[in-house]
Amino acid sequence: MTNVTRLCTTKALLTVNGQYPGPPVVAREGDRVVIKVTNNVKNNISIHWHGIRQLRSGWADGPAYVTQCPIQTGQSYVYKFIVKRQRGTLWWHAHISWLRASIHGPIIIYPKKNASYPFPRPHQEVPIVFGEWWNADTETVINQAMQSGAQANVSDAYTINGLPGLMYNCSTNDTFRLKVNPGKTYLLRIVNAALNSDLFFAIANHTLTVVEADAVYVKPFQTNVILITPGQTTNVLLTAMSQPPNATFLMLAGPFATGTAAFDNSTSAGILEYVTSNATAVNSSSSSLPMMKPTLPAPNDTSFAANFSQKMRSLGNPKFPAAAVPQKMDKQFLFTSNGVYNTTFPDNPPFPFNYTGTPPNNTQTLNDTRVEVLPFNTSVQLVLQDTSIATFESHPLHLHGFNFFIVGQGMGNYNASTDPSNFNLVDPPERNTVGVPSGGWVALRFLADNPGVWFMHCHLELHTSWGLKMAWVVLNGNGGRSQSLLPPPKDLPPC
Ligand code: C2O
């Protein structure tokens, strides 16, 4: 536990190596990564390497009670995996209860030695991790969330690299500052580690060039604002203009929130500050200069969200998904709150129904999906449909162990006979987390080429707790070792 003070409130936080947010894990594509996690606190712990493909090494994936039992007090577990065919930014976080609130940090994967970026080499690279700060302790927050039904718990501040920023009480000194030299280009490695909120991010008077998402390069595009869901990572290039030293600009991270659940509509602010080359010290007068403020979209701007996700395109022509015609499983998967069903209403609602119209009277179901088994190398096409049963709300769905291609998306009800003809099989983005649009759908494809048990869930922590989750069991292939999950390591924590 480490005492941390924000918003004039001091609390003991669960941290890794005493740091909040946690230290970066830095690797090169192709590296074998070995990380020993020792639990020195009272809580049970497990760590997930979010977005790492974990090819054949599912024992190192980390979700508690899915691929391992948690590491108990005083115990250690060594996570071992190879970073294969991935480079960019990912992140790590605790994967038990809501402990990722303070236990998280970036994973920085450089290209192989002698390989270069598909864009000019940046002058400097800067991790930017968004989070949330709660004045109450995490246990209290979880208990409230679990009791209060539909009422979401609201954090007290958003943070940029652990700092709320000058728009909050007591936080002028707790403001992230990014110092830049005129004319230089910076690679911002942005992670949304917030528990329960999609975020917009912008820097006044500066254009951002998106070059990578979820550790996959994308066709570069320029934007004034990015949108990032919990779980996603986005690399952007920022070119510092010609500005006098001490020129300052505000950067803001504020919520994109649809639906009726309560949310924090406050904004975290940081400062982009120009310094002459070689200058390191901050001129304290700079913060008194008037600062340009960027404009963020309205918190419910779903058309910004739709347009922004359309701009994400993969660099090349991926072989999958175009080549693979997925076998039709024709199954309805259902997510229900807590998997709880009410025996006084034993009938299933009629499926399919008009998901984005009036919901059926009976929305209780006996058939919620918990585990789905896939033979090795199955081509999966998955359509995620948002419904209006509780409220229209966008959900950042995350799949462990794979990247998927986002081949289609739209508003309203998915139409299986007409929508597939508009699928993008040429340059669909490849990601591990997708924002399922409020009142709409996304179509994903992935190749089940990684044997193991793979969690899939909404990355809004509240919704994971409520039951928006399932697991895929991908069976070993017949091709021997290279198509089989490795044997469990000897130190795999017992329950
Ligand atoms: Cu980052 Cu299962 O999550």
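Among contacts in the protein chain between residues at least 6 apart in sequence, 77% link residues at least 24 apart; two residues count as in contact if their C-beta atoms, placed from the backbone, lie within 7 Å. Keep in mind that this is a predicted model: local features need pLDDT of at least 70, side-chain atom pairs count only at pLDDT 80 or more, and totals for chains, interfaces and linings use all residues. Residues are numbered from 1 along each chain as its sequence is written.

Let's look at the make-up of the chain. The protein chain has four helices and 28 strands, where helices (H or I, at least four residues) and strands (E, at least two) are DSSP runs numbered from the N terminus. Of its 495 residues, 44% are buried. Buried here means that 20 or more other C-beta atoms lie within 10 Å of the residue's own; 12 or fewer makes a residue exposed, anything in between is partly exposed, and C-beta atoms are placed from the backbone.

Where domain 1 meets domain 3, the contact draws on 11 residues from domain 1 and 10 residues from domain 3.

Next, find the open sheet of six strands, ordered β10-β9-β12-β17-β14-β15 with mixed pairing. Two strands pair if DSSP finds at least two bridges between them. β10 (157-160) and β15 (216-223) sit at the edges with a single partner strand each, so one side of each has no neighbour in the sheet. From one strand to the next, the twist averages 25 degrees, using axes that are lines fitted to C-alpha atoms (for helices, over the stretch in contact) and angles from 0 to 180 degrees between N-to-C directions. Strand β14 (residues 208-213) pairs antiparallel with β15 over five bridges, and threonine 209 has glutamine 222 in β15 as its bridge partner.

Finally, move along to strand β23 (residues 404-411), which is mostly covered, with six of its eight residues buried. Two bridges tie β23 antiparallel to strand β24 (residues 430-431), with phenylalanine 405 opposite glutamate 430. β23 also pairs antiparallel with strand β26 (residues 440-448), over six bridges; there, methionine 411 faces glycine 440.
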